[in-house]
Amino acid sequence: MNLWEYIQSRQELLEFEFLQHASMIFQCLVVATVVGVAVGVATYRYPPIATFATSTAGVIFTIPALALLGLLIVPLGLGVAPTVTALVLYGLLPIVRNTIVGLQGVDRVLVDAARGIGMSRPRILLRVELPMAWPVILTGIRVSTQLTMGIGAIAAYASGPGLGDQIFSGLSRIGGAGALESVIAGILGVVVLALIFDAVFVLIGRFTTSRGIRV
Amino acid sequence: MSETVTDKGTTGVPIELENVTKRYSASSTGLAAVDDLTMSIPAGKIVVLLGPSGCGKTTTMRLINRLIEPTSGRIMIGDTDARAQEPNELRRGIGYVIQQAGLFPHMTVGTNISQVPQMLGWDKQRITTRVDELLDLVGLDSGQFRDRYPRQLSGGQQQRVGVARALAADPSVLLMDEPFGALDPITRERLQDELLRLQEELGKTIVFVTHDIDEALRIGDQIAILDKGSRIAQYASPAEILANPASEYVEQFIGSGSAMRLLNFAKVADVELGQVAEVAPGDEVTRVRETIAGADTAYALVVDAGRRPTGWVTSETIDGRDGTAGELSAPIETTIPARATLQEAMEGLLHAEYDVVPVTKANGEYLGVVSLGTIQQELSDLKERQKARRQERVSAGGDSA
């Protein structure tokens, strides 16, 4: 049985797992983006707290994915809960860091001009700082996507959803019929999905970044 | 529409700073950035805060729109205490222009300009009309520039947009913090001239911060030369500062060549203009003769109903002739605007058909006359005063020795 035959014979399952993986990553990203940008916005004006936020996210980042998943099984059990938690935690760092860096990087002169013409604090954030920092924040979300895409596959270790199942079940019976094909199909699926997500981000970037600051 | 820019005359309000102090360190002994400053800024005038960096001039300006809160003292803008208003609301009513314009790069020119009207809740149609009107006012074609982004504009164009943004809601006060500092000399001079032209039309109260004495002399109706702690070393008109520097500090600031500077910067409006006999265009020749006979000159100026000078009549040209003053007068080709510098006035005088030339306001209204003698007198006065000051200083130095 070659790879093509394997994929054809399990088309339905593979399609389901592919979409499941995509949906898992997407939902985790949405949560990570909301939380990450919120943490960034809440802390960027207070450098010590901003540093604390970034380094906390950095510490989470250094925990091996497998170990974190293992640890999360204890309080959360198997399946979706530990997977989503782990993915969101990993996805946070690039978003928090880029939000802080992006917001801190907005020219102080512009903020002064905004205050000078009578913009309120929330308005300055929404109208000036966030749009100016947006390309940097978006890059953070993109990096986050790439990261969680791979880690999402490992989630199968905690019986999580997605293409990880193909990889792990294949690896566990390697040498058996179709085992290698299963692993490769899973990996291919993750790679294709990553490329699709990245292309989508390029498009989002084009449509949501002002022409005035596009590089 | 009361907020249109076509309104002539003064729309500005006076600003009073009363015993204003700003300290950055909490201790009351710490050096104050602004130390007990009291000054009044007249309505509709350009007042320049001039001083070396670190003298507190920018801090002083930022106190007015409360970008910096004073430690003590009171600031009155028109009839209201600046502190009685919510800071953001206060700032929406005060135009603010900074160096390099401070335009938002992610917004188009039009959106940049419409920020304050948007906050004030104007409707879309009114904002669009206003944006076009403002671009026109600052000399940019609205069709061409409205949808451009700041980075597609030159420095000078950006600063024009900056001025348009500040004027958007027709504020009565404009704060300008070294607005032309980053521009090349030619563009700077052009924008200075245009600011003066705009000001003649708008009559705002403008507080203008600069460290450039030439810019201050060119722009200012009044100049406040500031020393450390925003202490006023001298607060007077450019001509007065050039002619009578109040202290050695001021003199150092002006530097050498004050006679040339006087010619370059003192405005015709600042010198004492001569007055001549006036007749109306409809006056009969007998009436004109009487007027000339009653004056100590052999000529009279024909001034029409709109107070515009239209021609000269001399006792020779009307001798033995009939008709009205208007018919008999020799038309005036050269007038000198009150805004002109003495140097420009001199040039005008050299090319004029008569030795005496009428001075007019921007709208053409007659103010008085100027001649080479007037300017010469001004220069010799300056020389006299300088000599007197030098002697004073020598004798003062001798006393203390």
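Author: The answers below concern a predicted model, and each sets a value against the rule that applies.

Reader: Why is Val359(B) called buried?
Author: A residue is buried if 20 or more other C-beta atoms lie within 10 Å of its own. Val359(B) has 25 other C-beta atoms within 10 Å, and therefore Val359(B) is buried. This residue is found in strand E16 of chain B, residues 356-360.

Reader: Which residues does Val359(B) touch, not counting residues up to four places away in sequence?
Author: Val359(B) touches Val268(B), Leu273(B), Ile336(B), Ala338(B), Leu367(B), Gly368(B), Val369(B) and Val370(B). For a residue elsewhere in the chain, consider Leu49(B): the C-alpha atoms of Val359(B) and Leu49(B) are 29 Å apart in space, and the two residues are 310 residues apart in sequence.

Reader: What makes the reach of helix H7 of chain B close to the expected one?
Author: The expected span is 1.5 Å times one less than the number of residues. Helix H7, residues 155-167, has 13 residues, and the expected value is 18 Å. From its first C-alpha to its last, H7(B) reaches 19 Å, which is close to that value.

Reader: What makes H7(B) mostly covered?
Author: Ten of the 13 residues of H7(B) are buried. Among them are Gln158(B), Arg160(B), Val163(B) and Leu167(B). The elements of chain B that cover these buried residues include strand E6, helix H3 (109-113), helix H4, helix H5 (124-137), strand E7 (173-177) and helix H8 (185-202).

Reader: How do you know that chain B touches chain A?
Author: Two residues are in contact if their C-beta atoms lie within 7 Å. By that rule, 20 residues of chain B are in contact with 17 residues of chain A. Helix H2 (87-92), strand E6 (94-98) and helix H4 (115-119) of chain B each supply at least two residues of this side of chain B. The largest share, four residues, comes from H2(B). By class, the side of chain B that touches chain A has ten nonpolar, five polar and five charged residues.

Reader: How many helices and strands does chain A have?
Author: Chain A comes to nine helices and zero strands. Its C-alpha trace spans about 70 × 40 × 20 Å along the principal axes.

Reader: What share of the residues of chain A count as buried?
Author: Of its 215 residues, 43% count as buried. As for its contacts with a separation of 6 or more, residues 24 or more positions apart account for 74%.

Conventions:
Residues numbered from 1 in each chain as written. Chains lettered and ligands numbered in written order. Predicted model: local features only at pLDDT ≥ 70, side-chain atom pairs only at ≥ 80, totals over all residues. Nonpolar A, V, L, I, M, F, W, Y, C, P; charged D, E, K, R; others polar. Buried ≥ 20, exposed ≤ 12 C-beta atoms within 10 Å, placed from the backbone.
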